[in-house]
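Take a first walk through this structure.

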Amino acid sequence: MIIEQVQVISNQQIADATYEMVLKAEMATKMKPGQFVNLKVEGFLLRRPISICQYDQFNHTFTIIYKVVGDGTQKLTTLKVGDFLDCMGPLGSHFPIEAQTTALLVGGGVGVPPLYETAKQLLAVGTQVQVVLGFADAQAAFYIDEFEQLGATVYVATDNGTLGTHGRVTNVIAEQQLTAEYVYACGPEAMLRVLETRFEKGYLSFEARMACGIGACMACVCKDREDTDLYYRICKEGPVFPVGKVGF
Ligand SMILES: Cc1cc2nc3c(=O)[nH]c(=O)nc-3n(C[C@H](O)[C@H](O)[C@H](O)COP(=O)(O)OP(=O)(O)OC[C@H]3O[C@@H](n4cnc5c(N)ncnc54)[C@H](O)[C@@H]3O)c2cc1C
Ligand code: FES
């Protein structure tokens, strides 16, 4: 884990209340798909955890996609090209990349970004990748073309039916009868819970309210599925866990 002043290369709106920021950082050379960074936003005590969407280890850059939900993420929108940001990372566990025959990647809302680098790397090792992306509505949707350009088959669901299937990502999976050897998912617990009933193998990334982000404060603990005396810190042992490991 590194603390570094990373420099803003671009910071632009890509969907409703959703921004893509590219940052120049040495720590890009250490990143793995599914990990996150913890950003110090000026004027706020607690850092904000944001997933790594993609990275370029040759040019030392990485991309985040963030949704404006409160004062901290609103403040991020004011950063200009050339500004610096205090960044801690890369943090947490990652999605393992192994050559499999088929993988289904499922993301809901701000759970979509960490799946992008994951899709890229799975495709690079010869895995056939299907992606299901869920958004509130068409205006909130992002990175559909980007996933397609990687070579993935992409399905979309929106809560109000303005794009793709009307409903949740799990509706798309049922409707299209999507199957795969492994599932890779990031999103709300309700979504992860349904996926666990359908897929025996794969990896789930959990969203949790965090304080320190480095395993010191125990604000983000969850229980083992089998041993209820065993706890994991989502920021440290997670956010990515194998299917069936966490009780929730
Ligand atoms: C591992 C991880 C990865 C994430 N990746 C992304 C991402 O790629 N894109 C994105 O838009 N959002 C992501 N989030 C959610 C993001 O951290 C929150 O939306 C953000 O911290 C909200 O900050 P705020 O100041 O705007 O909101 P406020 O609600 O004002 O924040 C108040 C406090 O609550 C914490 N907080 C609020 N919501 C969350 C949340 N959902 N998860 C964790 N802490 C929260 C904040 O960090 C802050 O300490 C991720 C969260 C986690 C845990
Ligand atoms: S946020 Fe402090 S231990 Fe996870």
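A nitrogen atom of ligand 1 is 3.4 Å from a polar backbone atom of A208. That is a polar contact, a pair of N or O atoms within 3.5 Å; within protein, one must be able to donate a hydrogen and the other to accept it, and residues adjacent in sequence count only if both atoms are side-chain atoms. The protein covers 84% of the 820 Å² of accessible area that ligand 1 has on its own. Such areas come from the Shrake-Rupley method with a 1.4 Å probe; for residues, only the protein chains shown count as cover.

The model is predicted: local features need pLDDT of at least 70, side-chain atom pairs count only at pLDDT 80 or more, and totals for chains, interfaces and linings use all residues. Residues are numbered from 1 along each chain as its sequence is written, chains are lettered from A and ligands numbered from 1 in the order in which they are written, and side-chain values use heavy atoms, with hydrogens and water left out.

Back to the ligand. A backbone N or O atom of P49 lies 2.5 Å from an oxygen atom of ligand 1. For I65, a backbone N or O atom lies 2.9 Å from a nitrogen atom of the ligand.

Helices (H or I, at least four residues) and strands (E, at least two) are DSSP runs, numbered from the N terminus.

Now look at R47, in the loop between strand 3 (36-40) and strand 4. Is R47 buried or exposed? R47 is buried, because its relative accessible area is 13%; buried means under 20%, exposed over 50%, and partly exposed in between (1.4 Å probe, protein chains only). The side chain of R47 reaches the backbone oxygen of N38 at 3.1 Å. A polar contact of 2.8 Å also joins the side chains of R47 and D86.

Helix 2 covers residues 113-124, and its buried residues include P113, Y116 and L122. After helix 2 comes G126, with a positive phi near 95°.

Two other residues have a positive phi without being glycine. A17 has a phi of about 55° and lies in the loop between strand 1 (2-15) and strand 2 (18-24). A17 is partly exposed, at 25% relative accessible area. Q177 has a phi near 50° and sits in the loop between helix 4 (169-175) and strand 12 (182-186). Q177 is exposed, at 65%.

Finish with the cis peptide bonds. One joins G89 and P90, with omega about -10°; P90 lies in strand 7 (residues 84-91). Another joins G238 and P239, with omega about 15°. P239 is found in the loop between strand 15 (231-233) and strand 16 (240-242).
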